[in-house]
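Notes below, in the order I looked.

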Amino acid sequence: MRPGDRAGTWPALVAISLATFITVAPEAAHAQSAEAEVLFRDGRGLIKRGQLAAGCDKLAASERLESSVGTLLNLGDCREKLGKLASAWAAFRKAEAMATRSGGDDKRRSEAGRRAAALEPKLPNLVVEVPSRVDGLVVRRDDEVIDAAQWSTALPMDPGSYTIVAQAPGYREWRTTVPITATSRRQVVTVPPLVRAVAPLAPPTVAPLDGEPAASVVVARPAPRGTWSATRKASLAIGLAGAGVLGAGVYFGVHSNTLRDRSDRLCPNTRCGDAEGLRLNDDAKSAATRANVLFAAGGAVVATAVVLWLVGAPGETVIAPSGGEHQLGVSLAGSF
């Protein structure tokens with residue numbers, strides 16, 4: 001390259017760069033259109049093979065990527081064949097509006113309008129009436145919120161089962177299920193006045209003592225009421241153990257009397273020199289001592305079980321703070 005030619009090198013490089021950019025940029029810009037075109041062709045192919053549901057899904061995906069009059073017309077036709085008249089009608093109306101805005105497409109605009117008009121008399125409609133309204137009221141159809149402006153308006157619906165839910169703060173939820181068939185021309189659902197939810201009870205307060213501030217009462221409410229609380233179950237086990245101890249006491253008491261009778265037969269007098277009689281007398285005293293100890297212990301255990309049974313009765317237990325100028329404590333009250 002001659003030194004004199006270097007000045008012309010940069011314009012050439014710039015021209016080559018611009019040409020490369022112009023060639024590549026349109027492809028990137030139309031990548032989304034290419035994806036939509038592929039989905040459109042796949043959808044048409046599935047429909048021709050009789051796979052209507054899968055074909056409609058492909059066309060709907062193509063329409064979401066890039067909306068066009070042709071895609072909408074094909075989508076509306078597919079949905080009409082599936083019996084989804086409301087969705088088909090919406091696709092035809094959207095195609096008509098798009099063709100009107102673009103202009104110069106009178107043929108497809110006319111076709112879309114004709115197909116939509118033919119479907120309108122057949123459309124199933126759902127009307128949600130809300131005569132009683134409260135603050136914060138939200139009405140849903142399945143997972144979709146029905147705007148207040150759509151209340152009392154006949155909305156085209158595809159056949160199926162729809163759940164209507166009404167919710168508002170401080171009120172109980174109301175819901176119902178509405179079946180829509182191909183022959184349902186006008187299905188009306190009326191949302192009744194919502195019922196207020198039960199407000200939680202405010203805890204009572206304890207009157208102040210000696211000028212002290214009032215204290216709240218803590219009320220422990222057991223869940224389900226029943227005879228067999230945990231405390232009563234424990235009291236039953238303790239009671240059975242106490243009964244076993246008392247039974248042992250009865251045994252040793254009877255055994256002591258038996259030994260005493262045998263000793264008395266061998267030693268009828270106060271003074272006795274019979275070794276066997278003396279041994280039986282000693283054994284009788286030992287058995288009697290054991291019986292007394294067991295009776296005392298068993299009685300204490302049974303008494304404890306009775307107290308636990310009474311205390312463990314299901315009911316409300318109220319624990320309230322109590323105190324005065326120089327003392328502080330709690331008071332316990334409940335139903336037994």
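My entries cover the disulfide, its helices and the nonpolar cores.

**Ground rules.** I'm working from a predicted model, where local features need pLDDT of at least 70, side-chain atom pairs count only at pLDDT 80 or more, and totals for chains, interfaces and linings use all residues. Residues are numbered from 1 along each chain as its sequence is written, and side-chain values use heavy atoms, with hydrogens and water left out.

**Disulfide.** I found 1 disulfide (a pair of cysteine sulfur atoms within 2.5 Å). It joins Cys-56 to Cys-78, S to S 1.9 Å. The S-S torsion of Cys-56 and Cys-78 is about -120°, so I logged the disulfide as left-handed. Cys-56 sits in helix H3 (residues 52-65) and Cys-78 in helix H4 (residues 69-82), so the bond ties together parts 22 residues apart in sequence. Helices here are DSSP runs of H or I, at least four residues, and strands are E runs of at least two, numbered from the N terminus.

**Burial.** I checked both cysteines: Cys-56 is buried at 6% relative accessible area, and Cys-78 is buried at 1%. Buried means under 20%, exposed over 50%, partly exposed in between (1.4 Å probe, protein chains only). Other buried residues in H3 include Gly-55, Leu-59 and Ala-60.

**Cores.** The largest nonpolar core has 18 residues, and Leu-126, Val-128 and Ile-164 are among those with the most contacts inside it. A core is a set of buried Ala, Val, Leu, Ile, Met, Phe, Trp, Tyr and Cys residues joined through side-chain atoms within 4.5 Å. Strand E5 (160-167) is one of the elements giving two or more residues to this core, and its 3 residues are the largest share. A second, separate core of 13 residues includes Val-69 and Met-98.
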